[in-house]
Each structure stands twice: as structure tokens, then as C-alpha cells.
Amino acid sequence: MVELSIGVKLRPIVIKQRDLPAYEYINAIDDVDDGLPWYHDIWNFVKRGEFPAGPTKKDRVVLQRLAPQYIICGGKLYRRSHCGMHKLCVNGAKATSVTNLIFTK
């Protein structure tokens, strides 16, 4: 509780509930044709604590800082968001189909 002086006016807070899920943003990542998804190194580090072959010290630090933002649940990698929503990490054709689904509605 907050004690207010007499005559102080407060504006009400309006909270709207949405029927559809909200999407913060979609990261576009250039494809590197090595046959692995873009999140392969993050997946290995989160699941097994393994770094990719031949990383520099900078690569190790970046991976260690990124890893806490991701979780593996049900065999899929999700990125945690600040609002509590977990965002599924997708690659290739799946990313294209998700993008088309969102922007055609």
C-alpha cells in the first residue's frame, strides 16, 4: 500500500487480454550451408556442456552468456523471453512456414 496526499489523482492502468499469441520479433539469420541448424552450438552447450570444435576464447564467452537464455524441453530448443514466453527455435523451411503463417493473417 502507498500513502497518498489528499488531492493526488492517479490514472487507471488498463490491461488488455489478447486472443492470439503475441510475437515479439523474428530473428532472420543468414544460412551457413554446413548442414547444421543455426542453433546447433547452443544446443550442444545447453544439453552436454560441450563447446564446438576449435572455438576461440571469445566464442566460448559468447556461448556461455547465450546458454542461460535457452532451454531444451521435449527434445526442442526454446529461447526464454523476458515476458515468460518460451520461443521455439526453428530452422530452414520451418522458419519460412512460420513466417508465412504469421504475416498472412
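**Labels and their grounds**

Author: The backbone oxygen of Met85 and a polar atom of the side chain of Ser81 lie 2.8 Å apart. This is a predicted model.

Reader: What makes the pair Ser81 and Met85 a polar contact?

Author: A polar contact needs N or O atoms within 3.5 Å, one able to donate a hydrogen and the other to accept it. The distance here is 2.8 Å, between a side-chain polar atom of Ser81 and the backbone oxygen of Met85. The pair is therefore a polar contact. Ser81 itself sits in the loop between β2 (76–80) and β3 (86–88).

Reader: Why is Ser81 called buried?

Author: Buried means under 20% relative accessible area. Ser81 has 12%, so the residue is buried.

Reader: How do you know that β1 and β2 pair?

Author: Two strands pair if there are at least two bridges between them. β1 and β2 have four, in the antiparallel sense, and therefore pair. Among the partners are Ile71 and, in β2, Tyr78.

Reader: What makes β1 and β3 edge strands?

Author: The open sheet has three strands in the order β1-β2-β3, paired antiparallel. β1 (70–73) and β3 each pair on one side only. Neighbouring strands of this sheet are turned by 40° against each other on average, direction ignored.

Reader: Where does helix α1 lie, and what do its buried residues pack against?

Author: Helix α1 (residues 40–48) lies across β1 and β2, at about 75° to β1. Ile42, Trp43, Asn44 and Phe45 are buried in α1. The buried residues of α1 pack against α2 (57–66), β1 and β2. Gly49 follows α1 and has a positive phi, near 75°.

Technical notes:
Residues numbered from 1 in each chain as written. Predicted model: local features only at pLDDT ≥ 70, side-chain atom pairs only at ≥ 80, totals over all residues. Heavy atoms only, no water. Helix = DSSP H or I, 4+ residues; strand = E, 2+ residues; numbered from the N terminus. Buried < 20%, exposed > 50% of the residue type's maximum accessible area, 1.4 Å probe, protein only. Axes fitted to C-alpha atoms, helices over the stretch in contact; angles between N-to-C directions. Contact = heavy atoms within 4.5 Å.
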